Amino acid sequence: MSDLTTTTATDAGAGAGAGGTDGAGATDVDARLEGHRTELTGYCYRMLGSAFEAEDAVQDTLVRAWRNFDKFEGRSSLRSWLYRIATNVCLDMLNAGNKRARPVDLTGPTPLAQAALSPRPENVWLEPMPDGRILPTVQDPAEAAVARESVRLAFVAALQHLPPKQRAVLILREVLAWKAAEVAELLETSVASVNSALQRARATLTEHEGRVPDAADPLDEEQQKLLERYVKAFEGYDMAALTALLHEDAVMTMPPFDLWLQGTSDITGFMTTIGVACAGSRLVPVAVNGSPGFAHYKPDPEGGGFVPWAVQVIDVQDGAVSGMHCFLDVERWFPLFGLPERLPAATDAG
């Protein structure tokens with residue numbers, strides 16, 4: 001049973017007046033609203049930069065819609081009405097002023113000789129998100145590619161530099177392909193205001209998005225082979241082989257630590273010193289942020305098998321790995337991705 005069904009069933013038990021639905025009608029409303037959950041989660045994730053805040057925002061949106069369904073007059077589509085509610089929920093949440101970031105957005109790279117693991121609070125960081133929670137199934141390959149590109153870490157991080165309403169305008173116009181008049185109606189403003197906001201948002205995005213990874217929808221044969229070599233090199237802790245796969249200016253980030261490294265020598269040097277406990281790890285493929293990724297399990301220091309260590313998001317550019325983004329808060333990420341709590345000693349990620 002979905003969270004929405006659980007919530008609305010409780011509300012319905014208190015009286016059908018909450019949303020003007022009961023019995024079979026309530027079930028039908030639940031199903032219609034639930035059908036929009038994935039795309040709304042993708043929208044809220046782009047707005048908020050947080051996996052868990054996005055899911056909270058969508059749950060709030062669907063509960064509000066259920067309770068007020070009798071007021072939905074059908075002058076717009078159900079989808080447009082839900083986006084209006086979701087936008088208002090997100091704008092309210094963003095009024096607190098918090099914006100999510102990557103380590104590369106906050107400081108310069110740290111030389112290996114000065115490397116120190118200093119954590120920052122979880123609400124500082126842009127968070128990873130499983131593709132299945134934010135990318136609805138679409139038939140058009142071009143539409144699917146746009147959706148994947150729009151949840152890449154670099155793109156979502158760049159969105160965080162926009163004021164909240166500009167953020168909404170850009171997502172609705174550029175990602176979801178809404179017309180200017182539709183966005184103006186949703187935001188209760190003029191078409192001229194929407195067009196102006198979009199122009200400013202585009203300029204800011206160009207300034208902050210930086211290097212864009214290659215498209216990976218789906219992975220082509222060359223990219224797939226690169227990732228296979230990456231897994232072999234990482235699991236074998238073969239630094240020479242790993243170096244051969246990395247861009248010379250590749251970056252490695254490790255939220256919640258603000259440290260980030262740039263360059264093959266600093267990355268491999270870190271892995272063989274401070275990060276040496278990851279030798280002998282296993283990588284399990286995951287679909288994350290429209291990008292290739294892996295669940296990283298390291299050897300259990302207290303016994304056989306492997307324990308969760310990180311969710312890796314991999315950037316690929318020009319036939320090489322340009323980014324290794326390792327999210328270390330495994331108590332949050334591994335359940336979100338539906339990953340096992342440990343791997344037995346005999347597990348082979350291949």
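Modeller: Let us begin with one contact, where contact means heavy atoms within 4.5 Å. Ser-80, Tyr-83, Arg-84 and Thr-87 of H5 meet Glu-185, Leu-186 and Leu-187 of H11. By class, this contact of H5 with H11 has three nonpolar, two polar and two charged residues. Here Ala, Val, Leu, Ile, Met, Phe, Trp, Tyr, Cys and Pro count as nonpolar, Asp, Glu, Lys and Arg as charged, and the others, Gly among them, as polar. This is a predicted model, in which local features need pLDDT of at least 70 and side-chain atom pairs count only at pLDDT 80 or more, while totals for chains, interfaces and linings use all residues. Residues are numbered from 1 along each chain as its sequence is written, and side-chain values use heavy atoms, with hydrogens and water left out.

Biologist: At what angle do the axes of H5 and H11 cross?

Modeller: Two packed helices are described by the angle between their axes and the distance between the axes. Axes are lines fitted to C-alpha atoms, for helices over the stretch in contact, and angles run from 0 to 180 degrees between N-to-C directions. Helices (H or I, at least four residues) and strands (E, at least two) are DSSP runs, numbered from the N terminus. The axes of H5 and helix H11 (residues 180–187) cross at roughly 55° and come within 10 Å. H5 is therefore oblique to H11; angles under 35 degrees count as roughly parallel, over 145 as roughly antiparallel, 65 to 115 as roughly perpendicular and the rest as oblique. The crossing of H5 and H11 is right-handed, a crossing being left-handed if the near helix is turned anticlockwise from the far one by less than a right angle, and right-handed if clockwise.

Biologist: How do H3 and H5 pack?

Modeller: Helix H3 (residues 37–48) packs against helix H5 (residues 78–94) at an angle of about 30°, the axes being 10 Å apart. H3 and H5 are therefore roughly parallel to each other, and their crossing is right-handed. Among the residues in contact are Tyr-43, Cys-44 and Met-47 of H3 and Tyr-83, Ala-86 and Cys-90 of H5. By class, the contact of H3 with H5 has 12 nonpolar, one polar and two charged residues.

Biologist: How many disulfides does the count give?

Modeller: A disulfide is a covalent bond between the sulfur atoms of two cysteines. The rule applied here is a pair of cysteine sulfur atoms within 2.5 Å, and the count comes to zero. Cys-44 is in no disulfide, the nearest cysteine sulfur, that of Cys-90, being 3.5 Å away. For Cys-278, the closest cysteine sulfur is in Cys-326, at 8.2 Å, too far for a bond.

Biologist: Are Cys-44 and Cys-278 buried or exposed?

Modeller: Buried means under 20% relative accessible area, exposed over 50%, partly exposed in between (1.4 Å probe, protein chains only). Cys-44 counts as buried at 0% relative accessibility, and Cys-278 counts as buried at 9%.

Biologist: Which residues does Gln-166 touch, leaving aside those up to four places away in sequence?

Modeller: Gln-166, in helix H10 (residues 164–175), touches Ala-197, Arg-200 and Ala-201. At 11% relative accessibility, Gln-166 counts as buried.

Biologist: Where is Asn-289 found?

Modeller: Asn-289 lies in the loop between strand S3 (282–288) and strand S4 (291–299). Its phi is near 50°, a positive value in a residue other than glycine. Asn-289 is buried, with a relative accessible area of 0%.
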